[in-house]
Amino acid sequence: MERKMTTLADRFLKAKRELFDILYGHLNPMQRKAVFTVKNPLLILAGAGSGKTTVLVNRIAYIIKFGNSYYSDTIPYELDLSDVERLENAKNADKEEIEGLLKEYAVEPCPPWGVLAITFTNKAAKEIAERLERDLNEAVNDIWSGTFHSVCLKMLRKFGDRIGLAKSSLTIYDTDDTKKLVSSCMKELNIDEKMLNPKLVRNEISRAKDKLITPEVYAKDAFDENGNANYRLAKIASVYKLYQQKLSEANAVDFDDIIMKTVELLQTDEETRLYYQRKFKYVCIDEYQDTNKAQFVLASILAGGYNNIMAVGDDDQSIYKFRGATIENILNFDKSFENVSVIKLEQNYRSTKHILDAANSVIRNNIGRKGKELWTDKEGGERLTLRRCDNQIDEAKYIINKIVELVIKEKRRYSDFAILCRMNVQSSTIENVFVKSGVPFRMLCGTRFYERKEVKDILSYLCLINNPDDNLRLRRIVNEPKRKLGDTTMNAVEKIAVAENCSMFTVMKNCKNYRALSQAQSKILDFVYLIEGLRKVSETAPLNELVEKTIRLSGYENMLLLAGEEEKERLENVLQMISNAEEYMTNNPDGTLSSYLEEVSLVADIDNYDKDADAVTIMTVHSAKGLEFPVVFIPGLEEGIFPGGQNVIDEEVEEERRLCYVAITRARERLICTHVKERMVFGQTQYNRISRFLEEIPEDYTVRELSDAEKAANEQKAAFKPRRKIEFSGEFIKKPEEPGRQKAANISQLSIGDRVRHITFGEGTLLSLKPMGADILYEIAFDNAGTKKLMATYAKPKKI
DNA sequence: GCCTCACACGTTTTT
DNA sequence: CGTGTGAGGC
C-alpha cells in the first residue's frame, strides 16, 4: 500500500515539474531554476542582456500564483490516480490550461501583499510593475514595489512618529537643498569655505549616512587611538551635527535619511519591525550591485522574518561607487545570509559575438569580480568600428555622417542609434553639430525639469505652504520676487528664531513683538499673509488651482512677464507646472499637496522621454544602464576622458572599466568607437593618447576605419615599406598581441613579498601583483600609509 | 537692498 | 571656453 502511494506521489511530482517546465518554456534552464528557487536567500548574478528583468518578473508572478510548487515535495493528501493522470495528460494542452491546472495544486501561494520588490530607479520600478500587470492584472496593486526611497517613505509615513518624525508635513531635501544647508551650517560655525569645501563636506556626510554612521559616532571617529583629533574630521563632525539638527528642526529629511531613518525605525521599534518582517514573505532586490551599506542592512532586516531574500545584480555593472555603493554587498552575499544559493545567468540574448567578446576582453582586466563570462549562440556579426578623428567637431560630424550612411545603406531608423558619452560636456559639441545637420535627436542629459531654478522656486513656495517650518525653502523664496526682505532682515529673523527655538516663519508671524524687525514689519507681514492665504487655498481648492494662485499671487509670474523675452522659457516652465499639477490630480484623485511634493522630489523622470520618437538618443553611459540599442557610438575613448579625469591612476580605473563594459554591452548589432587627436576641454587643447580600454580589445574583433588624410598618408608610406604598414595609422603605441601580458611582464621586476619604496607613501611590502592591460597593478602594504593599489607605470615603486 | 563685475571652477547620477 | 557665484560698490 505504502509503496503504491510513493509511486503515485513520484508520478505526481514528476508530472507537475514537467508541466512547470512547459509553462516556463520560454526561459532557459538557468532562468527557470532562478524562477523556481524561492525559498531561502538567492543571489542571481545576471550578466548584461541575460534576461534579468524577465526572471525577476516571472519569479514574482510564480511566487504569487504557485508559491513554492516546483521544488516542494508536498502532495495533496487526498491525491488519487485521477489527479496524476490529469497532470500527465495535460502536456499538450495550451499554457492557459496548464496554468489553471497547476494553480489547483499550488503549494503555499503567496498573497501579493506579502511580496516586496525593490529597485533603484523609477524607470525600473515602472517597467517591473507594467510587466507584472500583464501577468497578474489588478493583483499587482497589492505588491509593494518601488524604489528604496519610495518604499522607505511609505514606512516612515506610517510609523515615523515612533522615532520623532512628524508624518504629515515631512519635507524632502534634494541634493541642491542639502548643499545650501551645509553651507549655511558652515557659516554659522565660522568654518572658512576656502579651507573646507562645502561640497566635499556634503559628500562626506552623505557617505557617512550611507554607512549608517551617526553624527555622534562620526565625531568619535575623528579621534585616533591616542585621543588626538583629526582637525578636518572634527570640523566635518561639527557640521554634520548641526546639519542634522537643522533638518530635524525643519521636519525635513534628505535622501540618505529616508533610508537611514527607516533602518533606525526598524531597529529601535520592535513592533514595527515584527509587523514588516511578518508581512514580507518574499523580498526581492534589483540592481544589487548598486546598494550601499544602509540599504543592505535595511534589506536584511525586512527579510529577517522568512529569510526569503533574492538579490539580482551584476558585479561588473557596478558604476555608482562614487555614490556610496559597495560592491562588497554582492561579493559577500553568501557570507551575509544562511543557506544561500547562487545562480549565474551568462547567456546573452542581446549582442553579437564580436561585441560580447570585446566586452569580455575589457572587463577581464578587473581584479575584484566574481568572474563571469557572457556567451551567445549568435555567431560573428559586424566587427567593432574604430575611428580616429582630428578634433571633437570632426568626431561629431563623423558620427552623424555614419548615422546617415547606415540609415540609407541598412535602412535603419534614427531611433536605432545611441551616442553614449562619458561626460555631459562632450554632448554639447555633438548637440551643436546635430542641430546644424537636421538629423533628429534627443538629449537625455540636460537639466531636468524639476531642477530648474524657476520650478524649484515655485516648489519651494508649495513646500512652505505645506510645512511652514521649512526655513531653507523660506529663505530661498522670501525675496524672490524682490520684496525688500534681504539678508539684513532675514539674518535678524534667523537670529531671533535660534534664540526663541522656533521656526523663522513663526518669528515673522509675530514680528510685531520684536523691535529688531520694526522697520521691515509691513513687508514681513505682507509675506506672512501671502503664505497664510495660500495655505487656506490649499485646504479647499484643487492642486492645480493652488499652483496657479501661488504663481500669480506671489508675484512670480509678474516678475517673469516684466523680464520679457529673456525669461520667456522660464515663464513657460512655470506655467507648465499648472498642467503638471492637473495631470497629477487626474492620475491621483486622492492626491494631497504633500503627496504631490513627495512624488515630485522622488520621481525625477516625468521628463519628456518620448520612446516612440524617431530620433537619435544622446546620453551619458550612466543613464544608459538597463537600455539597449541596435547601434551604439562611444565617443571620446581617450585617456583622461574615458577613463576620465582623476580616475586614470589607481583602483578607480576599475569602476571606469565597468562603465566601459556597460557602454559596450548596450549595443545589439554595431558598436562604433571614436577618439580624437586633439580635444578642447575648458578652453585648453589636450592631446590624449588612445584609451587603454580600446587597447584591451584584441584586433580580431575590430576594424579601423581611416580618414581620407590617413589613407593618403598610408599609401605614401606603403610605397616605401609595403610590408610594414602601420595598422593604427600614425599611432606610436603598439598594441601587444595578447593585450597587456607581454609589456606587463617586462616592467615586472618585483615579486610578491618584496620590500619596496614609493616616492610618497614610503616603504612597504608587495602583497600582490596583477597584469592589467599594458600595465601592472600592485597591491602594497605601506608601513605608514596603509594598503594601496597602484599602477606600476605611474607609481614606480623601487625594490629595496 | 540691489546690481555689476571679476574670479573661480569645471566627472559620472538617482533618490 | 562658458557659466554661476560672491564680494564689493552704489
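Me: Gln-317 sits at which relative accessibility, and is this residue buried or exposed?

Reply: Happy to start there. Buried means under 20% relative accessible area, exposed over 50%, and partly exposed in between (1.4 Å probe, protein chains only). Gln-317 has 9% relative accessibility, so this residue counts as buried. Keep in mind that this is a predicted model, where local features need pLDDT of at least 70, side-chain atom pairs count only at pLDDT 80 or more, and totals for chains, interfaces and linings use all residues. Residues are numbered from 1 along each chain as its sequence is written, chains are lettered from A and ligands numbered from 1 in the order in which they are written, and side-chain values use heavy atoms, with hydrogens and water left out.

Me: Where is Gln-317 placed, and which residues is Gln-317 in contact with?

Reply: Helices (H or I, at least four residues) and strands (E, at least two) are DSSP runs, numbered from the N terminus. Gln-317 lies in the loop between strand S7 (309–313) and helix H15 (328–331). Contact means heavy atoms within 4.5 Å. Neighbours within four places in sequence aside, the contacts of Gln-317 include Gly-47, Asp-290, Arg-658 and Tyr-661.

Me: How many disulfides does a search of the whole structure find?

Reply: A disulfide is a covalent bond between the sulfur atoms of two cysteines. The cut-off is a pair of cysteine sulfur atoms within 2.5 Å, and the search of the whole structure finds zero.
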